[in-house]
Amino acid sequence: MLLLGFGVLAILSTVITLYERAVVKHRQLPQLASINVWHSYAMSVTNFFRTNEVVQNECMKFGNRLFTLPLLGQWCIMVKAPELVREFCNAPEEALSMERAAEELLQFRHIVGPQFVEEVYHIPAIRSTMNKHLAAVVPVMLDEMVHAVEQEIDYVCDQDWKPIKALDQVTRIICRISNRVFVGLPLCRDKDYIDLTSKFSNQVIVRGAFLRFLVPPFLRRPIGTCLRIVFGYHRRILAQLEPLLESRRRDKEAQENLPNDMVTWLMEEGDYNNESLAMRILNVNFVALHTTTKVCCIAILFYTRIVSSRAQPSYIAPLREEISSHLDVTDISQWNRESLSRCMKLDSFFKETMRLNGLGALWMPRVAVADFTFSDGTKIPAGNFLATAVTAIHEDEGTYRSAKVFDGFRFAEKRQLDEKSDEDWMHRLTGTSPTYLTFGGGRHICPGRFFAALEMKFLMAYLLIHYDVRMDGDGTRPADEWLGPTSNPAHDATVLFRRRSATI
């Protein structure tokens with residue numbers, strides 16, 4: 001009966017929402033569906049199960065024009081044309097709000113607590129302080145990477161092939177490397193802490209979706225309060241971090257030298273209490289791990305699938321040769337950011353992987369908090385959701401040659417052609433443009449993309465040098481798992497690892 005009640009509430013909530021969106025303000029945009037509420041609801045349910053296909057088809061139909069798409073519980077205005085994407089990215093927060101969109105879609109205020117969304121001083125700590133200290137934190141990143149790989153992969157590997165659950169192990173390795181820089185030793189290796197931070201993003205996304213799509217707005221606050229009490233993210237992260245935070249405060253008062261990590265950088269932003277700092281660390285983990293772990297896992301799966309398929313061009317020798325040329329494979333302590341930056345093929349391999357294997361069909365959601373007019377004259381009334389049609393943009397034949405075909409060295413070749421031009425940075429992994437949006441763009445470009453790129457490339461380089469890999473079974477990579485407009489690497493994807501007898 002309880003499930004039936006929630007089902008009825010979900011249907012009513014969705015119908016009401018769609019009806020509110022399906023009004024005259026949508027008539028000025030080309031539409032996939034009639035604004036008849038029942039037709040729109042039926043289409044939104046259908047679209048939920050084939051969002052990527054629908055977005056691709058409608059982009060072909062409407063070309064570079066804006067159009068509206070009914071998704072489950074929400075109309076969304078899709079942006080694809082490069083000039084409109086540029087305007088979309090550069091629009092001020094007071095017009096097209098990323099924060100409002102994230103809060104509405106993920107329901108953080110109800111699932112985790114108001115403090116999680118209202119304080120944002122971690123952003124300048126990432127954008128300025130962390131990026132300034134990237135070269136200095138590389139040694140601890142590398143130390144933790146080796147230790148994590150030994151515990152998560154090497155303990156089962158020898159000269160025989162051993163199966164590894166790709167997503168689970170990569171998630172834990174990336175979580176440990178990140179938190180060595182965020183909170184340091186020994187907490188970055190604490191099992192309970194790693195379990196909390198590594199699983200947090202997926203858990204809150206699923207629970208936020210439940211709250212948004214299955215619970216009417218007037219019930220979200222009380223039900224969210226119950227969820228916060230049950231799951232207690234704020235309570236659990238504070239319990240993990242409070243001893244460390246108290247120790248740092250004592251060291252700061254004694255004018256001791258503080259470690260060069262995120263806790264210190266956050267404390268330098270102002271005099272915040274322990275609960276506030278703990279929430280910022282949880283938020284930093286969310287933004288750092290959610291994308292990085294999935295992209296790194298996809299890159300490993302992509303590489304493994306190519307290695308397992310004789311029909312695909314070989315990337316093994318060129319990548320290993322490049323890594324051996326620029327990084328000392330006999331002494332990892334000599335690796336540094338500058339040497340890694342010379343590995344253009346490795347950089348390109350990741351960028352191409354992210355081009356064809358993002359995290360969904362829609363990207364960079366925004367809410368119009370004020371009326372906004374694009375240069376083509378289209379007026380977006382306040383209250384509308386907007387997003388970029390990222391898969392259609394990344395697979396546009398007008399931008400990329402053989403756009404649907406994986407070409408691991410595509411961007412390395414572009415960099416060689418544009419080596420002395422001002423556009424070289426656009427072809428780097430961390431570069432963005434209106435036709436490449438994995439790290440966002442404009443005012444809300446990802447501030448932690450340089451840190452994420454270092455993590456992913458260092459880990460991939462280390463694995464390439466020390467291990468052989470191949471897909472389990474017939475060599476076919478399991479398809480990504482889609483849920484509405486979002487996608488994830490297959491949770492059951494298994495990669496066979498074997499330690500190499502030589503590293504060169």
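Student: Where is Gln255 placed in the chain, and is this residue buried or exposed?
Tutor: In this predicted model, Gln255 lies in the loop between H13 and helix H14 (262-267). Its phi is positive, about 60°, although the residue is not a glycine, and most residues other than glycine have a negative phi. Because the relative accessible area of Gln255 is 72%, and exposed means over 50%, the residue counts as exposed.

Student: Met364 also has a positive phi, so which element holds Met364, and is the residue buried or exposed?
Tutor: Phi of Met364 is near 60°, a positive value in a residue other than glycine, and the residue sits in strand E5 (residues 363-368). Its relative accessibility is 6%, and since buried means under 20%, Met364 counts as buried.

Student: Which residues are joined by a cis peptide bond?
Tutor: Most peptide bonds are trans, whereas here there is one with omega at about 0°. Its proline, Pro186, is found in the loop between helix H10 (166-182) and helix H11 (191-214). The cis bond joins Leu185 and Pro186.

Student: How are H12 and H13 oriented towards each other, parallel or perpendicular?
Tutor: Helix H12 (residues 217-231) and helix H13 (residues 233-253) have axes 6 Å apart and pack at an angle of about 30°. The contact is made by Arg228, Ile229, Val230 and Phe231 of H12 together with Tyr233, His234, Arg235 and Arg236 of H13, and these residues divide into four nonpolar, one polar and three charged. As angles under 35 degrees count as roughly parallel, H12 and H13 are therefore roughly parallel to each other.

Student: And how are H16 and H21 oriented, parallel or perpendicular?
Tutor: The axes of helix H16 (residues 316-326) and helix H21 (residues 449-466) come within 10 Å and cross at roughly 110°. On the H16 side the contact involves Leu319, Arg320, Ile323 and Ser324, and on the H21 side Ala461, Leu464 and Ile465, a set made up of five nonpolar residues, one polar and one charged. Because angles of 65 to 115 degrees count as roughly perpendicular, H16 and H21 are roughly perpendicular to each other.

Student: Which residues touch the most other members of the largest nonpolar core?
Tutor: This core has 111 residues, and helix H15 (residues 274-308) gives the most to it, with 19 residues. Leaving out residues up to four places away in sequence, Met262 touches Ala125, Ile126, Met130, Val181, Phe182, Ile281 and Val284. The residues that touch the most other members of the core are Val112 and Met262.

Student: What is the C-alpha separation of Trp161 and Leu496, which are 335 residues apart along the chain?
Tutor: Trp161 is in the loop between helix H9 (134-152) and strand E4 (162-165), and at 27% relative accessibility it counts as partly exposed. Not counting residues up to four places away in sequence, Trp161 touches Asp468, Val469, Arg470, Leu496, Phe497 and Arg498. The C-alpha atoms of Trp161 and Leu496 are separated by 5.6 Å.

Student: Is Thr391 buried or exposed?
Tutor: Thr391 belongs to helix H19 (residues 390-394), and, leaving aside neighbours within four places in sequence, Thr391 is in contact with Asn52, Gln56, Gly360 and Ala361. Its relative accessibility is 12%, and because buried means under 20%, Thr391 counts as buried.

Notes: Residues numbered from 1 in each chain as written. Predicted model: local features only at pLDDT ≥ 70, side-chain atom pairs only at ≥ 80, totals over all residues. Heavy atoms only, no water. Axes fitted to C-alpha atoms, helices over the stretch in contact; angles between N-to-C directions. Helix = DSSP H or I, 4+ residues; strand = E, 2+ residues; numbered from the N terminus. Parallel < 35°, antiparallel > 145°, perpendicular 65-115°, else oblique. Contact = heavy atoms within 4.5 Å. Nonpolar A, V, L, I, M, F, W, Y, C, P; charged D, E, K, R; others polar. Core = buried A, V, L, I, M, F, W, Y, C linked by side-chain atoms within 4.5 Å. Buried < 20%, exposed > 50% of the residue type's maximum accessible area, 1.4 Å probe, protein only.
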